[in-house]
Amino acid sequence: MNENQPQTELTDDEIRHVAHLARLAITVSEVSKAKKDLTAIFTHISRSSAVDTDGVQPLDHPTELLNHLREDTCSDSLSQQQVLANAPVIKDVYFAVPKVLGEST
Amino acid sequence: MSTTQHIKKNDIYNAFHEIWETEEPSDGVLHGLCIAIKDNIVTKKGTTTCGSKMLKGYNSPFNATVVDRLENAGAVLVGKTNCDEFAMGSSTEHCAWGPVKNPWDTNRVPGGSSGGSAVAVAANLCDAALGSDTGGSIRQPAALCGVVGYKPTYGNVSRYGLVAFASSLDQIGTFTHSVEDAAKITQCISGYDELDSTSYPETHPDLCENLKNPIKHLRIGVPSQYIGSNNETAVNDAIQDAIDTYKKLGASIVELELPLTDVGISTYYVLAPAEASSNLARYDGIRYGHRTDELCSDLFELYSKSRAEGFGDEVKRRIMLGTYVLSSGYYEAYYNNALKIRRLICEEYKTAFESCDVILGPTTPTVAFPLGSTADPVSMYLNDVYTANTNIAGICGISIPCGFSEEHGSRLPIGLHLQCAWHEDAKLLRIAQMFESATTFHTERPGVIA
């Protein structure tokens, strides 16, 4: 993987790319505002690059506990009605979505 | 007047998003105690919106573990308190239901993100409130509102039913008028929960048993990085007075160096948004939450438009920030590097706790600032400069009232921040109790409500 060095100045294209990855529709004026804000944040974040982290193991989680699993026993789960209750659009007993598969060619 | 009527009449601060009709409590150690719940902790009763249009009207089919435990202990749950959207903010101005106001000066912010919970207690609307703390979101508003705000050690209180922001940093905790109430309530809500895979599986210490026994030969660490020109004068003065109070109680002061304090915020603003961008990917406009009314030709358009309409600016900013630092080509330089600094911050704390029992400093560099005064994100983030590392390491911390500032034309509270090592929560609360027993700051009220 091509690992880039930290940079602080983001381009319009990078903002649009990140918004695409994050599934956020973004307008032209929002691109410009996001560029300004994120550039200021990355300028601050870049302070971290002064810390010597050579040879340090990353720490994902403060507890460093191993997974502990509960007993594999049957218990009640939510009803279909409860699961669908907060859905903005349902059809019969399904979540409704736009067409996923394309027309056959 | 009933509790419900009392809150409805007196909540001129927008502290509550929902005020509930109360029910007859069960018997228990918290019998009759009126407690408010931050709006990012799910309750079967009412809605849970996280201060976001995305979850407007969301009705949880289950209770968070802490909610069940409070009810089982006899608490009266009075409603849901406003917060920054998805707990992202330090002022409770980023709330879809309007900003929350500080009862000490209604032109000023209460801090955030648990601003509504802090105000509910500070303004005497209820006895206590639950909040969540990811980088200071309990302790900072507690400091700015003059109440006790306690963030337990990570894993001590179940996160089951806390709407996830940054899972390795989030922790539920309390707002109270006294350290004793914090101990009593936390004793009821803490303990292993098999529904939270990061719940601490070992025996949890009793927080109440020795609470009022002072600690002998107490060693208080004061980092040079916590005192100085970053802070307002009144804040530095109040902290010096607190140090003098502890000295009179027999404590010795240990001078400390925590050089990574300075990079805490920059590390936090890589880790927390990275986790948030992943956690908030669940809001897809399909299973629950806001869905665009526009006709969408495919799933991508439905996701993108629903999310753009449902989320506010600060949440979108952090999702984009987190997406960027996790994206191909930048993961190593930003995210993985922040995880390495996280280990160094933990080691820095471990070394510090070899020479002292507790680390003392201000909770925030300033007192409450005016509503609308902090337009740029970085200035807002720096409010958490003294609190973020507590979460990065997962240790426990508490903010207790330690003075007032008259510098800004109104009387504004100052918070004393105490941090102890992992699972030394009982010791932390005892040390806080020593200060509270020797002072009267925690008894002062904004004076608006009798």
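Colleague: Let's start with domains: how many Å separate the centres of domain 1 and domain 2 of chain B?

Modeller: Taken over C-alpha atoms, the centres are 26 Å apart. Keep in mind that this is a predicted model.

Colleague: Which residues belong to each domain of chain B?

Modeller: The domain assignment puts 3-218 + 394-443 in domain 1 and 261-341 in domain 2.

Colleague: And how many residues of these two domains are in contact?

Modeller: On the domain 1 side there are 20 residues, and they are in contact with 17 residues of domain 2 of chain B. The domain 1 side divides into 10 nonpolar, seven polar and three charged residues.

Colleague: Switching to helix α7 of chain B, what span should we expect for its 19 residues?

Modeller: At 1.5 Å a residue, α7(B), residues 261-279, should span 27 Å. Its end C-alpha atoms are 27 Å apart, so the two agree.

Colleague: Where is the kink in α7(B) centred?

Modeller: On Thr267(B), and the kink is about 30 degrees.

Colleague: Is α7(B) mostly covered or mostly uncovered?

Modeller: Mostly covered, with 16 of its 19 residues buried.

Colleague: OK, on to chain A. What helices and strands does chain A have?

Modeller: Chain A has three helices and two strands. Along the sequence they come in the pattern α-α-α-β-β.

Colleague: Is chain A a compact globule or more spread out?

Modeller: More spread out, because its radius of gyration is 23 Å, well over the 13 Å that the globule rule gives for 105 residues. The C-alpha atoms of chain A fill a box of roughly 55 × 45 × 30 Å along the principal axes.

Colleague: What percentage of chain A is buried?

Modeller: Buried residues are 15% of the 105 in chain A.

Colleague: Last topic, the two chains together. How many residues of chain B are in contact with chain A?

Modeller: 60 residues of chain B are in contact with 47 residues of chain A. The chain B elements giving two or more residues to that side are α7, α8 (299-310), α9 (313-326), α10 (331-355) and α11 (377-381).

Colleague: Which of them gives the most to that side?

Modeller: That would be α10(B), with 13 residues.

Colleague: And what classes of residue does the side of chain B that touches chain A have?

Modeller: There are 29 nonpolar, 18 polar and 13 charged residues on that side of chain B.

Terms used
Residues numbered from 1 in each chain as written. Chains lettered and ligands numbered in written order. Predicted model: local features only at pLDDT ≥ 70, side-chain atom pairs only at ≥ 80, totals over all residues. Helix = DSSP H or I, 4+ residues; strand = E, 2+ residues; numbered from the N terminus. Expected span 1.5 Å × (residues − 1). Bend = angle between axes of the 7 residues up to and from the residue. Buried ≥ 20, exposed ≤ 12 C-beta atoms within 10 Å, placed from the backbone. Rg over C-alpha atoms; globule rule 2.2 N^0.38 Å. Contact = placed C-beta atoms within 7 Å. Nonpolar A, V, L, I, M, F, W, Y, C, P; charged D, E, K, R; others polar. Domains from an automatic or database assignment.
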